[in-house]
Amino acid sequence: MAKGLFATDDAIDLAPLIDHSLLSPTATPDQVSQWCADADRYGFASVCISPCYVGQAADLLHQRPVQVCTVIGFPTGATTTATKLYEAQEAVERGATELDVVINLGWLKSGQQDAIHREIALLCEETGQPVKAILETALLTPAEITLAAELCMDAGATFLKTSTGWHGGATIEVVEQLRELSKGRVGIKASGGIRTAAQAIALVQAGATRLGTSQGPELMRQQKTSGGG
């Protein structure tokens, strides 16, 4: 976590925390190119794009510091483990360097804890890339969030991610809960519905170390206008 992150609003540089996300089912190659250019221009942590665009993003960002992130089992998490593994391995072969994996929520709610642990552990071990476990917290109780977070951390996930954005987004309360649970062992990615710099700053102050948003350039403009960053 950046030094001085919780000192003042002005001390928070949002740019290196942003996963500039383009996950609309209607996203086009031209939009992917724009997202990559924006990420490079502003110094975002990554672009987060659908698996079919990983190769394009990797080519555009070759030898640039921006990571190429993609989603696995998105948005339901209900594909088989074998399918998720194939999807993840293919993405890595095409140049993905971070994987946002939706956990199987049905398994969580039916008590199949071992299956969730095995799946996340397998993806971490077989791909060798950072895995951000998407918990879809809007669909979980606080107790289920705790259980899911503990399973994913124990399985080797590098980040706990709040949401796909399809069923609600990140909240201060959930980010604070994940911060308390993780105790700095893993990163926390707040994602879904982040549209203003003020909202982003509040989530960072609550404990987020990454921000998934499609509004990265707008957040930068807002922060510049307000004198922050």
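## Strand S3 and its cover

Strand S3, spanning residues 67–72, is mostly covered, since 5 of its 6 residues are buried, where buried stands for under 20% relative accessible area, found with a 1.4 Å probe on protein chains only. Helices (H or I, at least four residues) and strands (E, at least two) are DSSP runs numbered from the N terminus.

This is a predicted model, in which local features need pLDDT of at least 70 and side-chain atom pairs count only at pLDDT 80 or more, while totals for chains, interfaces and linings use all residues. Residues are numbered from 1 along each chain as its sequence is written, and side-chain values use heavy atoms, with hydrogens and water left out.

## Partners of S3

Strand S2 (residues 46–49) runs parallel to S3 and is joined to S3 by 4 bridges, two strands being paired if DSSP finds at least two bridges between them. In this pairing Ile49 stands opposite Thr70. S2, helix H2 (residues 54–60) and S3 form a right-handed β-α-β unit, meaning that, with the strands pointing away from the viewer, the path from the first strand over the helix to the second runs clockwise.

Strand S4 (residues 98–102) is likewise parallel to S3, with 4 bridges between them, and Cys69 stands opposite Glu98. From S3 the chain passes through helix H3 (residues 81–93) to S4 in a right-handed β-α-β crossover.

## His20 in strand S1

His20 lies in strand S1, residues 18–22, and is buried, with a relative accessible area of 1%.

Methods. Buried means under 20% relative accessible area, exposed over 50%, partly exposed in between (1.4 Å probe, protein chains only).
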